[in-house]
Amino acid sequence: PATRRLDDRPALALFSDSPILYQNQTSGYLRGGIVIDQAYLDRLKRTSGLELVLQDSLGRVASTLTIDSTSTALPAGFQSRSVPIGGPGGPVTLTVLASTRPAEQTITALRTTSALLGVLAVILAIALAALWSAQLSRPVERLAEFSERVARGEWDEPLAVKSFREL
């Protein structure tokens, strides 16, 4: 990257010069490149989804964000990486900002899902505990009723065993 004058204005451009050889002699040069300006940054943002900030050595800023050029603070909700790009016109810094919103939304969804699963597990545990305790206590209650009848002197009706389990 270097600063070149294009249409009487300085511009940052990625360019290449290659000699054209004909019979081992340079007969010309092939020059080409791309201007890195606001329009180029906007196209990169559309294809990558990343926010870009380009700052030259004079402090001029081209950005896909609406930012305060006097502030150096990173906007909330972004992770950034700055890359210095050297050139004959002085150092240029390209800062790439990736939004953390998708990650935050995923974390929120995971937290909500885990909370709902936890509540469901507690409800299921309570329901199973109630069912099992009823099954376990029913024979004990029948035995207690039979003992009360025997204590009152009602010896006529035998205790009918409906279970072969230990109790």
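Modeller: Two strands pair if DSSP finds at least two bridges between them. Helices (H or I, at least four residues) and strands (E, at least two) are DSSP runs, numbered from the N terminus. This is a predicted model, in which local features need pLDDT of at least 70, side-chain atom pairs count only at pLDDT 80 or more, and totals for chains, interfaces and linings use all residues. Residues are numbered from 1 along each chain as its sequence is written, and side-chain values use heavy atoms, with hydrogens and water left out.

The part I have picked is strand β4, residues 51-55. For its setting, the protein chain contains two helices and seven strands, in the order β-β-β-α-β-β-β-β-α along the sequence. The mean pLDDT (the predictor's confidence in each residue, from 0 to 100) is 81 for the protein chain, and 81% of the residues reach at least 70. Confidence is lowest in strand β1 (residues 2-6), with a mean of 57, and highest in helix α2 (residues 101-152), with 91.

Strand β4 has two pairings to follow. One is with strand β7 (residues 92-99), antiparallel and made of five bridges. Within that pairing, Glu51 is bridged to Leu97 of β7, and Leu52 is bridged to Val96 of β7. The other pairing is with strand β5 (residues 61-63), also antiparallel, and has three bridges. Here Gln55 has Val61 of β5 as its bridge partner. Five residues lie between β4 and β5, and the two strands form a hairpin. In the turn of this hairpin, Gly59 has a positive phi of about 90°.

Strand β6 (residues 78-85) runs antiparallel to β7 and is joined to it by eight bridges. One of the bridge pairs there is Gln79 with Ala98 of β7.

Now the cover over β4. Four of the five residues of β4 are buried, so the strand is mostly covered, where buried means under 20% relative accessible area, exposed over 50%, and partly exposed in between (1.4 Å probe, protein chains only). In the protein chain as a whole, 14% of the 167 residues count as buried. For contrast, consider Leu128, which sits in helix α2. Leu128 has a relative accessible area of 31% and is therefore partly exposed.
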